[in-house]
Amino acid sequence: MKAIRRFTVRPVLPEALHPLSDLARNLRWSWHAETRDLFRSVDPERWAACGGDPVRLLGSVPAGRLAELTQDSGFLRRLAAVRDDLREYVSGDRWYQEQTSDLPTAIAYFSPEFGITAALPQYSGGLGILAGDHLKAASDLGAPLIGVGLLYRHGYFRQSLSREGWQQEHYPVLDPNELPVVPLGEDDGTPAQVSLALPGGRALRARIWLAQVGRVPLLMLDSDVEENGAGERGVTDRLYGGGSEHRLLQEMLLGIGGVRAVRTYCRLTGHPAPEVFHTNEGHAGFLGLERIAELTDEGLDFEAALEAVRAGTVFTTHTPVPAGIDRFDREVVARHFGVDAELPRIDVGRVLALGMETYPGGEPNLFNMAVMGLRLGQRANGVSLLHGQVSREMFSGLWPGFDPEEVPITSVTNGVHAPTWVAPEVFRLGARQVGEQRTEDALTVGGSERWDAVAEIADQEIWDLRRVLREQLVLEVRDRLRASWRQRGAGTAELGWIDGVLDPDVLTIGFARRVPSYKRLTLMLRDRDRLMDLLLHPERPVQIVVAGKAHPADDGGKRLIQELVRFADDPRVRHRIVFLPDYGMGMAQKLYPGCDIWLNNPLRPLEACGTSGMKAALNGCLNLSVLDGWWDEWFQPDFGWAIPTADGTATDEDRRDELEAGALYDLLERRVAPRFYERGQEGLPDRWIEMVRRTLTHLGPKVLAGRMVREYVERLYAPAAQAHRALTAPAARELAAWKSRVRAAWPRVTVDHVEASSATATAELGTTLSLRVRVGLGDLAPDDVEVQAVAGRVDGDDRIADATCVPLKPVNGPDLEGRWSYEGPLSLDRTGSFGYTVRILPSHRLLASGAEMGLVAVPLEELAEAAGVLMR
């Protein structure tokens with residue numbers, strides 16, 4: 001019989017064991033080994049059966065065992081020590097508190113998904129894992145973040161395979177009472193809620209759940225409350241599920257409801273109000289509208305409120321392709337805003353204008369969440385150097401007249417939270433070398449350029465560690481493969497071959513990620529005979545472990561999985577290549593350390609960052625990857641291999657796959673496998689071990705989430721907080737009025753005449769030119785603009801590269817025609833083809849950059865031809 005209602009019966013812990021509950025509810029246990037060891041000792045078998053989830057463990061331990069623990073003095077001493085360590089961790093000063101600069105009192109960090117631990121399955125892939133690592137690193141550094149997300153009752157999905165290898169999705173119900181979260185309550189004990197107005201007089205209500213991530217609170221909104229109708233209850237049913245309107249409601253709840261949840265949390269706990277709001281991808285972009293509405297309620301008009309909100313907002317884009325951005329029909333968006341729905345104080349036209357694709361090639365009837373994010377954030381970034389460049393080009397239409405390199409989108413390369421992803425065996429090896437505290441500091445705070453202490457670790461120790469990790473992976477793979485085949489309908493008698501799957505002494509390659517087409521899951525199958533030769537080589541075999549999920553609506557991705565599974569089912573090679581279903585954090589934490597090579601072969605430049613290779617590198621795994629994302633930035637032949645890219649414009653997609661697959665096989669056959677199996681005088685693969693050592697020494701400090709969060713603090717959060725403080729209500733009104741005046745006057749701003757003179761007749765290195773420029777400013781004054789000379793090398797089309805900008809100064813004016821004269825020196829500081837131009841930009845003390853408004857005046861073409869290129 002099936003139950004008509006489900007609820008959770010919680011155990012009552014004896015008073016001496018009460019700290020266990022606090023430890024279970026703070027997710028620091030997910031990356032703190034001593035806390036996990038403590039819970040494991042409560043009941044090792046139940047701990048394993050619960051998947052290492054303390055909440056589930058405490059819900060299942062018999063009362064007799066709890067009574068035993070109350071009499072176990074050794075356990076109670078360990079419990080007190082771990083409790084005290086957590087108290088010191090959450091209250092003591094850390095890196096952030098030791099900084100002398102004026103940093104934000106609080107930062108709100110919004111993301112549609114968070115991958116903190118497998119015990120809280122609220123993530124689908126890299127975006128969520130990155131968000132989880134961001135919160136953990138912020139906690140380790142003492143940065144005052146408040147995380148904001150949604151609590152999905154089905155999470156993403158669980159994956160299994162049919163007998164034919166087709167992906168099947170399962171959506172188990174998640175009971176918040178069985179998760180490591182607690183409800184946020186009002187002072188009178190009632191659940192704290194937020195509410196959004198919907199068309200037709202309906203409302204969308206959501207309860208606020210709190211997950212404590214070390215020092216960082218994570219607020220998660222759940223619409224499955226009794227006050228909602230059936231449709232509204234299902235808004236937070238699945239991550240990235242449902243149709244367009246369903247997704248719109250999720251994103252309104254995340255953005256608008258999320259700001260209201262933050263206000264509620266700060267009111268109830270006394271937490272400082274955020275000065276900076278960080279939008280992790282466009283899904284949470286509506287948070288800016290809610291903050292504008294708050295300020296209009298305080299008396300600011302829309303334009304002034306917009307400037308105040310922009311000053312304190314950071315927007316991070318994660319997608320390198322327009323197709324990866326959420327876009328909604330403008331009529332659907334319009335229906336959910338205005339007098340009969342949400343934010344009635346804001347004119348619907350103003351809402352729509354923020355997301356409209358008003359640039360060449362844009363769709364006028366679509367509302368673009370990333371475009372809104374960029375318009376509502378004064379500071380924006382991509383997630384690797386290459387992705388920053390791709391983003392500047394992709395969004396350059398929002399800043400017409402500027403070269404892509406001047407588009408105000410910077411980059412902060414992602415990092416990964418080392419304590420989460422580094423195997424305990426790797427940590428212990430570091431601790432033996434430099435001590436436990438120094439190792440922990442190196443993995444969390446970071447700050448050093450190199451981990452030179454790795455050089456002192458003996459080759460034998462490194463190689464022994466690599467084999468231990470590989471052997472652990474082999475056992476894990478066999479267990480998971482056996483479970484998968486049972487799910488596919490196989491009987492026990494059919495599965496004896498699984499005991500021979502993989503070999504702890506064979507070169508092991510890992511490939512695990514989401515399965516969109518651009519990541520090319522099946523590139524390795526391009527020449528199956530050649531792959532078989534690699535897998536079955538009599539002296540230098542390789543073995544491959546593959547995992548990944550396709551989006552439930554992506555039949556193309558599912559076909560790729562099926563193609564790979566069918567190959568891996570072949571009895572000739574199934575002991576050398578496996579596909580493991582249900583890829584998630586639990587599997588990943590075993591997979592990264594056990595692999596010798598981490599393979600990544602996306603279509604360049606479609607991988608924004610790709611952090612899985614970072615996690616592998618921290619465990620001494622070498623990367624074999626296309627030069628995309630972070631690998632393009634940090635690759636060196638000392639610690640990995642680069643797959644050449646066949647990205648010429650004359651190469652079609654099929655030919656490109658053929659060429660790059662061939663390059664992959666060549667690398668594996670001629671360089672990777674020979675190096676792994678080559679033995680030196682001591683019987684060890686000396687050159688391989690040296691590459692492992694260099695990976696840890698040089699890449700380790702770079703790939704840390706601690707480094708990433710410190711960059712966000714110093715380069716984005718601190719400037720945003722300063723701008724937020726500067727944009728008081730009077731300053732915001734002043735800036736909005738000034739921008740309005742400048743936009744109205746800009747059509748009459750012109751560069752009318754440019755002339756240059758020098759002391760010599762020829763243009764020689766070291767020569768200084770005297771520039772004299774006559775400009776028209778219309779109704780503007782010199783204080784409203786900056787006139788610049790822009791100089792640098794030029795190509796055959798006279799385009800300036802590697803430009804230097806030199807401000808020119810007004811010397812007189814206006815003349816009878818209303819023109820102003822500007823002058824200034826221009827040094828010829830490089831040889832070769834050299835040119836310059838002159839331009840006019842808006843200038844105001846409260847602008848973050850000269851390109852912020854997207855306004856620029858340059859010489860007319862005939863004027864540019866008369867004066868510009870100096871040397872060929």
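**Note on the cores and the parallel sheet**

1. In this predicted model, the largest nonpolar core has 106 residues; L507, M524, I597, L624, W641 and W688 touch the most other members. Such a core is a set of buried Ala, Val, Leu, Ile, Met, Phe, Trp, Tyr and Cys residues joined through side-chain atoms within 4.5 Å. Buried means under 20% relative accessible area, exposed over 50%, partly exposed in between (1.4 Å probe, protein chains only).

2. Helix α25 (residues 653-677) is the top contributor to this core, giving 10 residues. Helices (H or I, at least four residues) and strands (E, at least two) are DSSP runs, numbered from the N terminus. Domain 2 (105-415 + 717-726) and domain 3 (448-700) each supply at least three residues to the core; the bounds come from an automatic or database domain assignment.

3. Six strands make an open, parallel sheet, ordered β17-β16-β15-β18-β19-β20. Pairing requires at least two DSSP bridges between two strands. β17 (577-580) and β20 (640-643) are the edges. The average twist from one strand to the next is 20°.

4. β15 (residues 507-512) and β16 (residues 542-547) pair over six parallel bridges. A512 has A547 in β16 as its bridge partner.

5. α25 packs on the sheet and touches β15, β18 (597-600), β19 (622-626) and β20. Contact means heavy atoms within 4.5 Å. The direction of α25 makes about 165° with that of β20. Axes are lines fitted to C-alpha atoms, for helices over the stretch in contact; angles run from 0 to 180 degrees between N-to-C directions.

6. Residues are numbered from 1 along each chain as its sequence is written, and side-chain values use heavy atoms, without hydrogens and water. Local features need pLDDT of at least 70 and side-chain atom pairs 80 or more, while totals for chains, interfaces and linings use all residues.
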